[in-house]
Amino acid sequence: MTMDVLNLIGGRWVEGEGEEFADTNPARPSEVVARGRFASAREVARAITAARDAAPGWAATPHHARAEILLRAAALVDAAAEEWGAELAREEGKTLPEAVAEVRGSARILRYYASEADRDSGEVFASPRPGESVLVVRKPIGVAGLITPFNFPIAIPAWKIGPALTYGNTVVWKPSSLVPLLAYRLAWALTEAGLPDGVLNLVYGEAEAGSAIVDHPGVDAVSFTGSTAVGRAVIARCGELGKPVQTEMGGKNASVVLADADLDHAAEQVCLGAFRSTGQKCTATSRLVVATQVADELLERVADRAARLVVGDPLAPEVEMGPLVSSAARDRVAAGVRQAVGAGAKPLAGAEPLEREGWFVPPTVLDLPGTGVDFWRTELFGPVVGAVRASSTEEALGLADLSDHGLSAAVFTRDLGTALAAIDRLEVGVLHVNSESAGTFPYVPFGGAKQSGFGPKEQGRAAREFYTRTVTVYLGAPA
């Protein structure tokens, strides 16, 4: 079944004045999942105007009334989780269990941000002056421009749109053109739940549409998730415009397995971090640092688990890993593996292309000759993990930190002191101890250090720092 998807502008579903696009199944590229038309530059501008016009009324809407809409939308998303999960698997390539879990997770995110209505909305401080109090009041930033990637087509939009709406902002949202159907589904749920016209605007487009959102004076702040190169360009442009910006960019995440680790558990968690979602996670494990004493044993276990993973159509119940999202992604990952092998990496599992329809690559484990190879620093965004050995805990943590990125890391050890040392030593935004490098909960901050993130963190109450601004009020008694 092929769905026709529409742009949402000012409360109206419109076809779009731009060129046609097709959303194809990465497991069967001849199958069209959805089709539509991009929004024209004029329509992007109309969407921003609609958001501006709706902003005062939405900001004035009581927080609990805004929350009720998010709760109704969450119920709609939950009710459709099985159907939308299958659509997500078809358009993006996640296995069906992962896809359904992502849809349900997006509903949990909306419910979390609905619950913000029951929490404090400011602070009161004492004043040294008699009869005066000092209030810190939070107000919405206005119109939020949101740009989201393909790899979590409903969860990442939910964790941007949820806080934007709960704190009283209006939204202009450009999703990745690779995953238009789940964007359409989420926007439908929010409008069906009673969101007023113009509060949420959905525009499909390529890079030009994203630039139009960033550049427009009617957009008060920009939240971006995507590649480091594009994210840095967004940061630079927002700096020129004096516009608040929040970015979550690339990752080259390391898992450190020390000599005292439970090797069976570590191997399982490394494989989950590296190969679940076909490695298309900014928090995926792509680097592995192993204590020399246990390196051969650990790598044998990781390679064995990788070789036994069932790769295929993500809708099939026995499949454990689906395809990459596009032919370009498949070619990029394959080229990165070839380059690493050419530089001296030894394949322990995978590496050879899979000769079948669709954008499939095998789960791949590489024994690297050292950290000098390009693989150690370059994000491939696929199911490939490269390993090096370390002779001490200090060396292992140093090798893990040897990256321009600093999103996530994992450390496997039984020693509490080592775990505490890793917290101090590793420059990352997310650290897992004895669990895979991927995974986050909606009620705690998420974001990276170094070139993995810029601006306030996402998720949890940290999102409030981006989607609101403070007004400090000195409230004195009349004379």
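Domain bounds, as used here, come from an automatic or database domain assignment, and on that basis the protein chain is divided into domain 1 (3-249 + 452-475) and domain 2 (253-433). This is a predicted model, in which local features need pLDDT of at least 70 and side-chain atom pairs count only at pLDDT 80 or more, while totals for chains, interfaces and linings use all residues. Residues are numbered from 1 along each chain as its sequence is written, and side-chain values use heavy atoms, with hydrogens and water left out.

**How the two domains meet**

- The centres of domain 1 and domain 2, taken over C-alpha atoms, are separated by 31 Å, and the contact (heavy atoms within 4.5 Å) takes 23 residues from domain 1 and 24 residues from domain 2.
- The size of an interface is often given as the accessible area lost when the parts come together.
- Domain 1 and domain 2 bury about 2,000 Å² between them, with 60% of it on carbon and sulfur atoms; buried area is the accessible area, found with a 1.4 Å probe, that two parts lose on being put together, summed over both.
- On the domain 1 side, Pro26, Ala27 and Ser452 lose the most area to domain 2, together 23% of what that side buries.

**Salt bridges**

- A salt bridge is a side-chain nitrogen of Lys or Arg within 4 Å of a carboxyl oxygen of Asp or Glu, and the rule finds one across the interface of domain 1 and domain 2.
- The side chains of Arg28 and Asp313 form a salt bridge with an N to O distance of 2.3 Å.
- The structure holds 33 salt bridges, and one of them joins Glu20 to Arg37, whose closest N and O atoms are 3.0 Å apart.
- Because Glu20 lies in strand β4 (residues 20-25) and Arg37 in strand β5 (residues 28-37), the pair ties together parts that are 17 residues apart in sequence.

**Pockets**

- On a 1 Å grid over the protein atoms alone, a pocket is an open set of points where a 1.4 Å probe fits, with protein on both sides within 12 Å along at least five of seven lines, and lining residues have an atom within 4 Å of a point.
- The largest pocket has a volume of about 1,000 Å³, where a volume is the space filled by probe spheres set on the grid points, which are joined across faces, edges and corners.
- The largest pocket is lined by 43 residues, of which Phe224, Thr225, Gly226, Ser227 and Val230 lie nearest its centre, and the lining draws at least three residues from each of domain 1 and domain 2.
- The second largest pocket has a volume of about 880 Å³ and is lined by 36 residues, with Phe152, Lys281, Gly439, Thr440 and Phe441 nearest its centre.
- The largest share of the lining of the second largest pocket, seven residues, comes from α4; helices (H or I, at least four residues) and strands (E, at least two) are DSSP runs, numbered from the N terminus.
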